[in-house]
Amino acid sequence: MRDFSFKVNRKERRAAMRMALSAHVDEGTFAVFDGEAFDAPSTKAGASFLQTFGKELPLVVVATDEEEAAIKSFRNLSRVAISAPEDLEVSAVVWARSLLVSEKALPVVEARAGKAPS
């Protein structure tokens with residue numbers, strides 16, 4: 001068995017993340033939402049939020065573990081992927097037609113892209 005994996009340098013990985021996030025921002029498919037607005041887990045509330053969001057699917061939702069109600073509201077929807085900000089990969093950002101990031105997860109995502117937290 002051969003292993004075809006290879007190491008990607010940190011600078012290259014961060015540059016790729018910056019480029020993928022910038023592409024979403026430029027296209028208008030990047031949005032920040034308040035994860036605390038979801039009081040209780042409700043797939044119906046998640047679906048109505050996506051309806052008002054009005055962007056194309058597939059969608060990646062990035063939320064922290066503390067925002068459990070928001071995560072549970074989106075996880076059963078088709079063509080919606082949930083990711084923790086620490087686990088967000090460039091391939092997921094490139095795969096998604098839209099990106100939805102919670103306010104609490106935004107500084108972590110910016111740090112993964114190599115930007116200074118604001």
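Biologist: Among contacts in the protein between residues at least 6 apart in sequence, what share joins residues at least 24 apart?

Modeller: This is a predicted model. In the protein, 72% of the contacts between residues at least 6 apart in sequence join residues at least 24 apart.

Biologist: Which elements does the chain pass through from the N terminus on?

Modeller: The order is α-β-α-β-α-β-α-β-α. That gives five helices and four strands.

Biologist: How do I read the radius of gyration of the protein?

Modeller: Compare it with the value for a compact globule. With 118 residues, such a globule would have a radius of gyration near 13 Å, and the protein has 15 Å, which agrees. Along its principal axes, the C-alpha trace spans about 45 × 40 × 30 Å.

Biologist: What percentage of the residues is buried?

Modeller: Buried residues are 36% of the 118 residues. As for the surface, the protein exposes about 7500 Å², with carbon and sulfur atoms supplying 51% of it.

Biologist: How many positive and negative side chains are there?

Modeller: There are 16 positive and 17 negative side chains, and the centres of the two sets lie 7 Å apart.

Biologist: Which side chain does E36 meet in a salt bridge?

Modeller: E36 meets K104, at 3.1 Å from N to O. The two are 68 residues apart in the chain: E36 is in the loop between strand 1 (30-33) and helix 2 (43-53), and K104 is in the loop between strand 4 (98-102) and helix 5 (106-112). E36 is partly exposed, with a relative accessible area of 45%. K104 is also partly exposed, at 39%.

Biologist: Which residue forms a salt bridge with K104 at 3.1 Å, and where is that residue?

Modeller: E66 does, with the closest N and O atoms 3.1 Å apart. E66 lies in the loop between strand 2 and helix 3 (68-74), 38 residues from K104. The relative accessible area of E66 is 60%, so E66 is exposed.

Biologist: What is the partner of R97?

Modeller: R97 forms a salt bridge with E56, and their closest N and O atoms are 2.9 Å apart. This pair also links distant parts of the chain, 41 residues apart: R97 is in the loop between helix 4 (90-95) and strand 4, and E56 is in the loop between helix 2 and strand 2 (59-62). R97 is partly exposed, at 48% relative accessibility.

Terms used. Residues numbered from 1 in each chain as written. Predicted model: local features only at pLDDT ≥ 70, side-chain atom pairs only at ≥ 80, totals over all residues. Heavy atoms only, no water. Rg over C-alpha atoms; globule rule 2.2 N^0.38 Å. Buried < 20%, exposed > 50% of the residue type's maximum accessible area, 1.4 Å probe, protein only. Contact = heavy atoms within 4.5 Å. Areas by Shrake-Rupley, 256 points an atom, 1.4 Å probe, with all protein chains shown as cover. Lys, Arg positive; Asp, Glu negative; His and termini not counted. Charge placed at Lys NZ, Arg CZ, Asp CG, Glu CD. Salt bridge = Lys/Arg side-chain N within 4 Å of Asp/Glu carboxyl O.
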